[in-house]
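Student: I have this one open and want to go through a few of its side chains. Can we start with the rings?

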Amino acid sequence: MKKRHSHHLENWLRGLLLTVCAASMGCYAQSVREEIYADAQRSAGTFMIYPVPEQTTMTPPPDGKKPFFLSHYGCQGSYYMDQQESYDAPYLTLLKADSIGKLTELGRDVMKRLDIIRRDAKDRTGELTEIGEQQQHGIIVRMEDRFPETFSHNGYVSGRSATVNRCVLSMEEAMVQVARLRPTGLSHKSSKSFQQFMNPQDKQLNAMKMDSATTARYKAFARKYERPERLMQALFNDTAYIRQNIKSQSLFNQLFDIAGSLQNTELRDELTLFDLFTPDEIYGQWKKTNAWWYINYGGCTLNGGLQPYNARNLLRYMIEKGDSVGQLRIPVTHLRFTMETTFMPLVCLMDINGYGLATDDLETLDEKGWADYRIAPQSGNLQMVHYRRDYDDKDVLVKVLLNEREATLPVTTDCAPYYHWKDVREYYLEKLNGYGKK
């Protein structure tokens, strides 16, 4: 008995240590700065193309447990930027300058590149790209390969999405792939009735996002990384023209946004705009954008630290479904598709991998591992998988994957990366019930 007890204690301590270490966000081999310097595409943040995971070995479940319920929440796949103006504005700025001979040779070359890009995006803004379709196919294939039990012939697969076109199409592409793999019971739908948990809008929280004090702090932070002068002088041949006619930082931002978005289109192997920026400029621009996402959707304490609670109905829905599906004898898969503006708060509210970080220090976000592209890239997804031995097994375990990698929860466990469902639901229900008291 002593030996068995010692072995159990050893496993518990090992699991707890793994949880603490991973939650400290030290699980990435490279720092955020090193990752961005190594690959500028990461600086696109939530517009980064989905990082398909290399073949990774999953930790086998203990005690003969098998998956019976897979709850998936994902962002839409890769898509074009929302407004045609985002593509047209920088092109028209350069076109006007070129008409009076104010562009350098590089400026004219950039203008030509922008024209190709804007023509490709015409009548496609906000739409899912072919790459976005392929991402959803790939995620389903890997999901079915890892958890075939939840896609069994006697099972049920349900798809739901927010009503935004690219979310609907992401769901459709996923469901088409499910149908190709296995002829199982299927249901899919997009409806405004799902709004409260698929695309929630909280007027009170929205009003708090960028209050006057927070906006002032953010602008002061951003100014430290705004140095558009070098690029402007490389594009235009007249400093007086730049001073009198060009909104330098605005043009810099527009070019950078297009540079980051290109990776999601079929032009990704033909054109680039990242060659216009130095590594330090790329990193600095990312820091600005990352801080903006943290303020608006993370646990930033400048505006009260409550923004993740915008996903509270979604988390409560996940808990309710975990309980109700546990009463069924058939395997079930839920595929849910929303936007990064809902997905990121969910990840932060659940404090997955420590992304519930609460601080007012925008400068050290990257040092603490809080990076938008690690949380919600294009097709970013969260998979919570429920395990049991059989229907009579009441000790249900859950494992969470963030972007298809085993992740940690802020819940004590003796079998990491698995957690006892009763502990998980108790922890989150207590957190959700405490929201009204804040």
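Student: How many aromatic pairs does the structure hold?

Tutor: The model is a predicted one, and it holds 16 aromatic pairs. One of them is formed by tyrosine 294 and tryptophan 370.

Student: What is the geometry of that pair of tyrosine 294 and tryptophan 370?

Tutor: It is edge-to-face, with 4.9 Å centre to centre and 70 degrees between the planes. Planes over 60 degrees apart count as edge-to-face, so the 70 degrees here puts the pair in that class.

Student: Where in the chain are the two residues?

Tutor: Tyrosine 294 is in helix H13, while tryptophan 370 is in the loop between helix H15 (340-349) and helix H16 (372-375). They are 76 residues apart, and the pair links distant parts of the chain.

Student: Is tyrosine 294 buried or exposed? And tryptophan 370, buried or exposed?

Tutor: Tyrosine 294 is buried, because its relative accessible area is 0%. Tryptophan 370 is buried as well, also with 0%.

Student: Which residues do ring pairs link into a cluster?

Tutor: Tyr37, Tyr283, Trp286 and Tyr373.

Student: Back to helix H13. What does glutamine 285 touch?

Tutor: Glutamine 285 is placed in that helix, residues 279-297. Leaving out residues up to four places away in sequence, it touches Gln249, Phe252, Asn253 and Phe256. Glutamine 285 counts as buried because its relative accessibility is 3%.

Student: New topic, charges. Which ring does the charged end of arginine 166 sit over?

Tutor: The ring of tyrosine 79, at 3.8 Å from its centre. Elsewhere, the charged end of lysine 394 sits over the ring of tyrosine 391, 5.2 Å from its centre.

Note on methods. Residues numbered from 1 in each chain as written. Predicted model: local features only at pLDDT ≥ 70, side-chain atom pairs only at ≥ 80, totals over all residues. Heavy atoms only, no water. Helix = DSSP H or I, 4+ residues; strand = E, 2+ residues; numbered from the N terminus. Buried < 20%, exposed > 50% of the residue type's maximum accessible area, 1.4 Å probe, protein only. Contact = heavy atoms within 4.5 Å. Phe/Tyr/Trp six-rings, centres within 6.5 Å; stacked < 30°, edge-to-face > 60°. Lys NZ or Arg CZ within 6 Å of the ring centre and 35° of its normal.
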